[in-house]
Amino acid sequence: MIRSDTVKQILEHYRVIWALGHAQSVMGWDSETYMPEEGIKGRAAARAEIAQLIQRFMLDEKFVKLVEKAEEEKDLTDVERGIVRVLKRDLKFYQRVPPEIVKEFAKVTSEAFVVWRNAKEKAKFDIFAPHLEKIVELSRVIADKLGYEEHPYDALLDLYEEGLTSRDVEAVFSVLEPGIRKLLNKLESAGWPKKHPLEEVPYEKSKMEAAIVEVLELVGYPKTRFRIDVSPHPFTIGITTPFDVRITVRYRGVDFKEPLFSALHEYGHALYELNIDESLAMTPVGSGVSLGIHESQSRFFENVVGRSREFVAKMSPILRKHLDLSKYTDEDLFYYFNTVRPSLIRTEADEVTYNLHILLRYRLERLMITGEVKVKELPELWNNEMDRLLGVRPKNDAEGVLQDIHWSHGSIGYFPTYTLGNVVAAMIYYKHGRVRELIAEGNIAAVKEYLREKVHKWGSVYPPKELLVRSFGETYNAEYLVKYLEEKYR
């Protein structure tokens with residue numbers, strides 16, 4: 001795949017940058033799983049130094065000239081062009097954002113995670129607010145340094161979804177918001193929303209862990225390249241894609257569908273990383289192309305596969321083996337897994353209401369970045385908007401503005417990718433056409449192979465919009481998601 005001598009020299013230099021990123025990944029995973037709380041004092045400083053070191057290696061004069069030289073070469077392969085494109089995007093960030101900002105951002109966000117965790121436990125936003133103010137201010141600086149055509153928020157969106165703009169996001173929500181509201185009204189008229197009794201049934205953590213392992217065996221996870229741990233907020237991380245990919249799950253002791261579908265969700269993310277062509281490993285294109293495409297894979301396995309009648313029938317014997325479900329039929333389980341009810345917590349939201357949670361966050365982030373909304377105003381605005389969009393109101397900050405980890409990581413511009421993921425997952429469902437049939441046959445391997453060929457194996461070789469057009473003939477078409485929800489819940 002690599003023919004150009006220039007690109008070969010680029011990759012030789014990049015190995016050091018990759019190794020530093022590998023160290024950052026291990027540190028990040030440890031910070032959220034096993035590190036003692038006071039370890040953050042050293043961890044924040046170490047990660048900040050490594051972040052600055054990565055920038056120094058990226059801005060090495062010889063390396064920059066090699067990338068510029070490769071960009072001018074006419075006969076590059078698609079992989080080589082992808083490598084140059086990704087590096088040009090990285091260089092844009094490091095050349096425009098000063099090293100002291102990179103270092104400060106890494107330090108502030110490392111410290112903010114621990115503060116957020118404590119603030120959430122105590123349900124007091126005031127504890128976290130000063131750290132979020134610093135993060136928002138640094139994000140504004142980064143947006144200004146990167147530049148944008150229409151809105152400063154666009155510069156941050158592009159960090160997570162290459163080429164995405166506020167116009168794109170508005171176009172998606174202009175279809176989704178009325179479509180979801182219409183469907184919710186129909187469901188409410190038909191007697192939904194309603195609570196399922198299984199939501200109140202407690203479970204033993206050890207038994208739920210065993211059930212999840214068997215469900216993941218059902219979808220075929222590679223035991224020698226994959227591990228499952230516990231963290232306050234479930235996540236997936238590729239330590240060395242595609243050879244070492246890890247996920248975490250959270251257990252609350254009640255409502256077992258939460259850890260179950262969280263595990264399937266994170267498995268979808270992990271599968272993407274695990275299926276990237278091995279020839280791309282340790283290169284700039286050796287990971288998922290964007291968070292939106294990544295989220296499409298997690299939501300596909302969580303919802304399109306996991307919550308289907310066909311898959312419920314497949315995993316029902318596993319769940320019955322570990323949990324007391326003698327009172328419930330498979331149809332009961334299907335309805336439990338697909339309950340629709342406006343709720344407070346995004347990660348627990350059903351397929352129908354989920355994107356309204358994202359709409360709230362998207363609007364608040366845009367207003368924060370322009371300064372139209374102050375950080376201290378967020379709790380009240382959050383609560384009011386939840387009431388307007390979903391008809392529910394948080395009782396405290398833990399149920400509201402503090403529920404997500406993302407702002408503590410500095411991930412402003414990230415949330416819209418969740419909705420893009422839902423949109424693309426629905427597109428894949430209709431483009432494939434036989435997903436449920438294959439699940440019923442027990443041929444999940446064929447579904448995974450389709451995803452590998454259409455999405456996974458390419459890593460970041462093509463930008464997200466181009467990948468979608470190449471594989472599915474169009475980009476983010478929200479009509480598919482509205483159609484999927486209407487057909488499923490009609």
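How many aromatic pairs does the structure hold? The structure holds 25. Rings of Phe, Tyr and Trp (its six-membered ring) pair if their centres lie within 6.5 Å; planes under 30 degrees apart count as stacked, over 60 as edge-to-face and the rest as tilted. The model is predicted, so local features need pLDDT of at least 70 and side-chain atom pairs count only at pLDDT 80 or more, while totals for chains, interfaces and linings use all residues. Residues are numbered from 1 along each chain as its sequence is written, and side-chain values use heavy atoms, without hydrogens and water.

One of the pairs is Phe173 with Tyr362, stacked at 5.9 Å centre to centre and 25 degrees between the planes. Phe173 belongs to helix α8 (residues 166–189) and Tyr362 to helix α14 (residues 354–370), so this contact ties together parts 189 residues apart in sequence. Helices are DSSP runs (H or I, at least four residues), numbered from the N terminus. Phe173 is buried, at 5% relative accessible area. Tyr362 is buried too, at 1%. Buried means under 20% relative accessible area (1.4 Å probe, protein chains only).

Phe261 and Phe337 are edge-to-face, with centres 4.9 Å apart and planes at 75 degrees. Phe261 lies in helix α10 (residues 257–274) and Phe337 in helix α13 (residues 330–337), so parts 76 residues apart in sequence are tied together. Phe261 is buried at 1%; Phe337 is buried at 2%.

Ring pairs also join Tyr160, Tyr354, Trp382, Trp407, Tyr414, Phe415 and Tyr418 into a cluster. The charged end of Arg361 sits over the Phe415 ring, 5.5 Å from its centre. Such a charge has NZ of Lys or CZ of Arg within 6 Å of the ring centre and within 35 degrees of the ring normal. Arg470 lies over the face of Tyr462, 3.9 Å from the ring centre.

Methods
Helix = DSSP H or I, 4+ residues; strand = E, 2+ residues; numbered from the N terminus. Buried < 20%, exposed > 50% of the residue type's maximum accessible area, 1.4 Å probe, protein only.
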